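Please open the model in your viewer and keep the selection tool at hand.

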Amino acid sequence: MITDLVGTQPIHSQTELAELLADRGVQVTQATLSRDLVFLDAIKVRLGGGLAYAIPGEGGDRRPAAPAESAAAQTRLGRLCAELLVSAEASTNLVVLRTPPGAAQFLAGAIDKCDFSEILGTIAGDDTVLVIGRDALGGEDLVRRFVALAEQPEHVVADDMHAIDDAKRN
């Protein structure tokens, strides 16, 4: 439940998280909540001028998301690219995304949740995400998509990214 809450809305404090859990019928002490956040590897990331909790993705869950979840995941990825993407470079079908220290797994998890068909998978370190594309020469296209997300996170989702690619081809 903590992962779901943190993944769907900005949560700035343990008190705020405890209140949201209580609204859902889960009573928790601050000490237990603190241990749970450590267990989930929660970190605080800059979000709209403040800090909010973030939990890195699990990486193995490739179940397709429901349409509403997919749109939310894409919006979230745009926001995270705007906040965390430091640089993006491509070589053939490989893309290297740089983030601040400690944020790469969080960004990779957000990419994985979007389940883009042109992405085979991601591998994350501390400050680097390796994105593996399906197309042998598709790395540059993926770089353009991530940069577009970083520059216009509230406007660019998967369907818009396809329209951007189509416009560039014409």
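A disulfide is counted here when two cysteine sulfur atoms lie within 2.5 Å of each other. With that cut-off in mind, select Cys 81 and Cys 114 in this predicted model: the sulfur of Cys 114 is 8.6 Å from the closest cysteine sulfur, which belongs to Cys 81, and this is too far for a bond. The structure accordingly holds 0 disulfides. Cys 81 is buried, at a relative accessible area of 0%, and Cys 114 is buried as well, at 5%.

Next, select Leu 77, Leu 97, Leu 107, Ile 111, Val 129, Val 131 and Phe 146, the residues with the most contacts inside the largest nonpolar core, which has 26 residues. Two or more residues of this core come from each of helix H4 (67-84), strand E4 (94-98), helix H5 (104-114), strand E6 (128-133) and helix H6 (139-151), and the largest share, 7 residues, is that of H5. Centre the view on Leu 97, whose contacts beyond four places in sequence include Leu 85, Ser 87, Asp 127 and Thr 128, together with Leu 107 and Phe 146.

Finally, colour the chain by pLDDT, which averages 80, with 79% of the residues scoring at least 70. Among the elements, E4 has the highest mean, 97, whereas helix H7 (residues 158-169) has the lowest, 45. Select residues 155-170, where the pLDDT is below 50, and then residues 59-69, where pLDDT stays under 50. Where pLDDT is low, the predicted coordinates should not be read in detail.

Technical notes. Residues numbered from 1 in each chain as written. Predicted model: local features only at pLDDT ≥ 70, side-chain atom pairs only at ≥ 80, totals over all residues. Heavy atoms only, no water. Core = buried A, V, L, I, M, F, W, Y, C linked by side-chain atoms within 4.5 Å. Buried < 20%, exposed > 50% of the residue type's maximum accessible area, 1.4 Å probe, protein only. Helix = DSSP H or I, 4+ residues; strand = E, 2+ residues; numbered from the N terminus. Contact = heavy atoms within 4.5 Å. pLDDT = per-residue confidence, 0-100.
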